[in-house]
Amino acid sequence: MLTIKNLHASIEGTPILRGINLEVKAGEVHAIMGPNGSGKSTLASVLAGREEYEVTEGEVIFQGKDLLEMAPEDRAREGVFLAFQYPVEIPGVSSTNFLRTALNQVREYRGQEPLDAVKFLSLMKEKMKLVEIDQKLLSRSLNEGFSGGEKKRNEIFQMAMLEPTLSILDETDSGLDIDALRIVSNGVNQLKSDKNATIVVTHYQRLLDYIVPDYVHVLYKGRIVKSGTKELALELEEKGYDWIKEEVDSAAV
Amino acid sequence: MSKDNQILEEFTSKEYEHGWSVNYEADEAPVGLNEEIIRWISAKKEEPEWLLEWRLKAFRTWQTMEEPEWANIHYPKVDFQKLRYYSAPKQTKKPKSLDEVDPELLAIYERLGISLNEQKRLQGIAVDAVLDSVSVATTFKDTLAKLGIIFCSFSEAVKEHPELVKKYLGSVVPMTDNYYAALNSAVFSDGSFCYIPKGVRCPMELSTYFRINAANTGQFERTLIVAEDESYVSYLEGCTAPQRDENQLHAAVVEIYAAAHAEVKYSTVQNWFPGDKEGKGGIYNFVTKRGICAGDHSKISWTQVETGSAVTWKYPSCILKGDNSVGEFYSVAVTNNMQQADTGTKMIHIGKNTKSRIVSKGISAGKSQNSYRGQVQVMKRATNARNFSQCDSLLMGDRCGAHTFPYIDIQNPTAKVEHEATTSKIGEDQIFYCNQRGIDTEDAVALIVNGYAKEVLNQLPMEFAVEAQKLLALTLEGSVG
Ligand SMILES: Nc1ncnc2c1ncn2[C@@H]1O[C@H](COP(=O)(O)OP(=O)(O)O)[C@@H](O)[C@H]1O
Ligand SMILES: [Mg+2]
């Protein structure tokens with residue numbers, strides 16, 4: 001579904017991603033871990049099409065198409081979803097109104113009829129259950145005054161509504177207490193199928209108890225320096241990142 | 001180049017949609033301005049002597065006045081001698097009903113999306129359509145007449161209801177109030193008149209639609225709204241003009257009189273031609289709008305969505321004379337490209353327990369300049385006066401300007417005046433967030449801007465709010481790559 005080959009990206013001339021290779025197939029869950037500042041969010045942003053990041057080398061193929069050629073909105077319409085580490089606030093725009101605009105643009109791109117208000121609301125009701133989100137929250141301005149947990153829950157709710165093919169969750173666990181973590185993970189797990197795939201970005205192992213990954217990758221200094229199964233996550237939990245850093249840094253000398 | 005700047009490089013305002021003009025045979029005054037011209041206009045309109053005298057008095061005062069220069073707007077001086085002060089489509093005789101109106105004129109309005117054909121109108125909005133200098137047609141007159149409501153062109157009111165016109169004309173905006181009001185008083189050609197009798201709630205929106213069609217013609221319309229005790233009316237004003245290389249002058253006067261327990265809502269969606277991207281052409285919009293809450297417990301609300309004009313100079317105001325009266329001002333002013341707007345309000349608290357509320361939302365894009373100028377004045381007598389002002393500015397890019405000039409003058413210690421102001425930039429983050437959900441940039445900007453302006457848009461009557469939303473989106477179309 002997704003093939004990343006030798007991806008290099010920089011911001012304002014500083015290289016951040018320095019040769020990422022990754023293959024994600026339908027039905028899989030990949031976890032990307034790594035210390036702070038290693039480039040995890042950068043990778044997520046580059047995949048979603050944030051323009052400040054300049055791709056200097058490499059390619060990304062998503063379902064047979066060159067992802068890097070596409071505008072951010074077209075990537076979304078093709079089925080790439082990014083649950084943001086820091087969701088933005090849009091004053092005066094309700095989540096409901098926002099999502100309806102989004103969903104109908106996605107539908108239009110896919111040649112589907114727009115959903116009328118009734119159908120939209122019933123779809124919303126159904127998906128709301130998935131992440132136990134309150135209708136009241138959705139009639140408020142998008143993310144404005146939301147708690148950290150509410151913002152994250154709202155991200156997963158949007159994911160449920162848009163039914164993406166590839167979901168990238170950037171530190172969705174940060175700022176969540178244990179109950180919220182369980183609810184959010186439940187939601188993600190229920191949305192999983194053999195047709196879609198998930199990339200979970202986190203630097204804690206905790207989340208991976210709930211969303212069990214098929215593969216775990218360690219990102220460090222803009223490269224995937226180690227890949228393994230979920231046991232790798234446990235090992236990292238136990239030993240920290242220092243041994244990996246040492247391995248990489250000594251090899252580089 | 002940062003994304004913001006790049007976004008702005010791609011900023012190309014959509015061509016002004018109403019920028020066409022129609023050739024029709026016109027009845028025109030000679031170019032220039034002097035007493036003879038004023039007599040010519042007055043005679044053309046078969047006005048009574050007192051009105052001619054009133055005009056001449058205004059003209060003589062105007063000649064002694066200086067064009068105001070305190071506003072934060074810069075434009076080449078208007079040569080008042082090069083303008084034409086009267087232009088009317090030639091109709092062989094005055095139409096008695098819509099059936100008699102020249103179909104070509106009706107077609108002009110059809111093209112603007114305003115059907116004057118009563119049968120076809122579903123929304124139930126009565127329209128007075130003003131083309132250049134004269135009122136072309138007023139719809140739903142009979143329905144309104146049954147309730148005692150008078151809604152007609154100003155010229156007709158002068159003929160049919162001279163006592164009302166004489167009583168209220170210039171009572172809220174004195175003829176010599178300011179430079180443009182004096183000019184308007186001297187040369188005004190037509191406009192709308194509206195009278196709501198005691199205890200009557202006007203059952204439909206009353207609407208005036210202004211269009212400037214002729215070249216080098218100033219449009220000087222006058223609107224007078226009188227709401228008697230316990231009456232209510234909601235009034236809408238819309239406007240367009242063709243696209244021309246030369247600037248056209250528009251200097252209107254609107255007066256509102258609200259008696260005890262009366263409520264008047266006045267909404268404007270202003271879409272005059274703003275000039276092209278280089279700032280060529282466009283309307284100079286110098287307007288004086290003022291309402292007086294003359295009676296106790298009366299209320300006047302101004303709501304404006306200002307998207308057009310090259311230069312805007314406009315401060316709809318409320319004189320809160322009656323005790324417990326309320327004044328409101330809700331404004332969205334968008335400037336793009338080379339547009340300049342200096343707009344705001346004055347709230348003058350005279351009566352006891354008077355309240356005013358100001359919500360101003362400025363949006364600046366391109367190289368435009370957008371100023372809010374507001375005055376809150378609390379007089380000695382105005383015990384327990386309250387004012388709340390919220391002035392927000394939204395900037396798109398870093399080549400535009402937003403300015404806020406609040407003036408507060410309090411002469412009664414019991415007054416409570418609150419002022420809040422914010423300036424924000426439309427965030428790349430917000431746009432990217434929308435993009436990531438499948439919303440293209442154009443729609444993202446529209447969504448964000450409409451969210452920002454929501455409190456004001458909510459004040460507009462339903463159909464108007466939808467129009468205004470589209471207009472905001474259109475004005476900023478292409479603003480962000
Ligand atoms: N806008 C930016 N300008 C300059 N440096 C940036 C910017 N965004 C991220 N970086 C740098 O890129 C590196 C990777 O950041 P990020 O992808 O956010 O890491 P992670 O998500 O793994 O914590 C960090 O060193 C960070 O400081
Ligand atoms: Mg991060």
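Tutor: This is a predicted model. Start in chain B, with helix H3, residues 49-63.

One partner of H3(B) is helix H2 of chain B, residues 35-44. The two axes come within 10 Å and cross at roughly 155 degrees. Angles over 145 degrees count as roughly antiparallel, so H2(B) and H3(B) are roughly antiparallel to each other. Their crossing is right-handed. H2(B) brings B:Glu35, B:Ile38, B:Arg39, B:Ile41 and B:Ser42 to the contact. H3(B) answers with B:Leu52, B:Arg55, B:Leu56, B:Phe59 and B:Arg60. By class, that contact holds 5 nonpolar, 1 polar and 4 charged residues.

H3(B) also packs on helix H8 of chain B, residues 179-187. Here the angle is about 145 degrees, and the axes are 7 Å apart. This crossing is left-handed. From H3(B) come B:Trp54, B:Arg55, B:Ala58, B:Phe59 and B:Trp62. From H8(B) come B:Tyr179, B:Ala182, B:Leu183, B:Ser185, B:Ala186 and B:Val187. The tally is 9 nonpolar, 1 polar and 1 charged.

Look again at B:Arg55 and B:Phe59. Both belong to the H3(B) side of the contact with H2(B). Both also belong to the H3(B) side of the contact with H8(B).

Now the setting of H8(B), whose residues are 179-187. An unreviewed UniProt entry annotates residues 145-202 of chain B as "domain: SUF system FeS cluster assembly SufBD N-terminal". Over that stretch the chain is 43% helix and 19% strand. The C-alpha atoms at the ends of residues 145-202 are 11 Å apart.

H6(A) passes H7(A) in a left-handed crossing. On the H6(A) side sit A:Arg153, A:Ile156, A:Met159 and A:Ala160. On the H7(A) side sit A:Ala180, A:Ile183, A:Val184, A:Val188 and A:Leu191. These divide into 8 nonpolar, no polar and 1 charged.

For chain A, the record is again an unreviewed UniProt entry, with "domain: ABC transporter" covering residues 2-246. Those residues are 40% helix and 29% strand. Their end C-alpha atoms lie 30 Å apart.

Last, how the chains meet. In chain B, 20 residues are in contact with 33 residues of chain A. The area buried between the two chains is about 2,200 Å². Carbon and sulfur atoms give 61% of that area. On the chain B side, B:Phe432, B:Tyr433 and B:Arg437 supply 35% of the area that chain B buries against chain A.

Key:
Residues are numbered from 1 along each chain as its sequence is written. Chains are lettered from A and ligands numbered from 1 in the order in which they are written. This is a predicted model: local features need pLDDT of at least 70, side-chain atom pairs count only at pLDDT 80 or more; totals for chains, interfaces and linings use all residues. Side-chain values use heavy atoms; hydrogens and water are left out. UniProt positions are given in the numbering used here, feature names are shortened, and annotations may be inferred rather than shown by experiment. Helices (H or I, at least four residues) and strands (E, at least two) are DSSP runs, numbered from the N terminus. Axes are lines fitted to C-alpha atoms, for helices over the stretch in contact, and angles run from 0 to 180 degrees between N-to-C directions. Angles under 35 degrees count as roughly parallel, over 145 as roughly antiparallel, 65 to 115 as roughly perpendicular and the rest as oblique. A crossing is left-handed if the near helix is turned anticlockwise from the far one by less than a right angle, and right-handed if clockwise. Contact means heavy atoms within 4.5 Å. Ala, Val, Leu, Ile, Met, Phe, Trp, Tyr, Cys and Pro count as nonpolar, Asp, Glu, Lys and Arg as charged, and the others, Gly among them, as polar. Buried area is the accessible area (1.4 Å probe) that two parts lose on being put together, summed over both.
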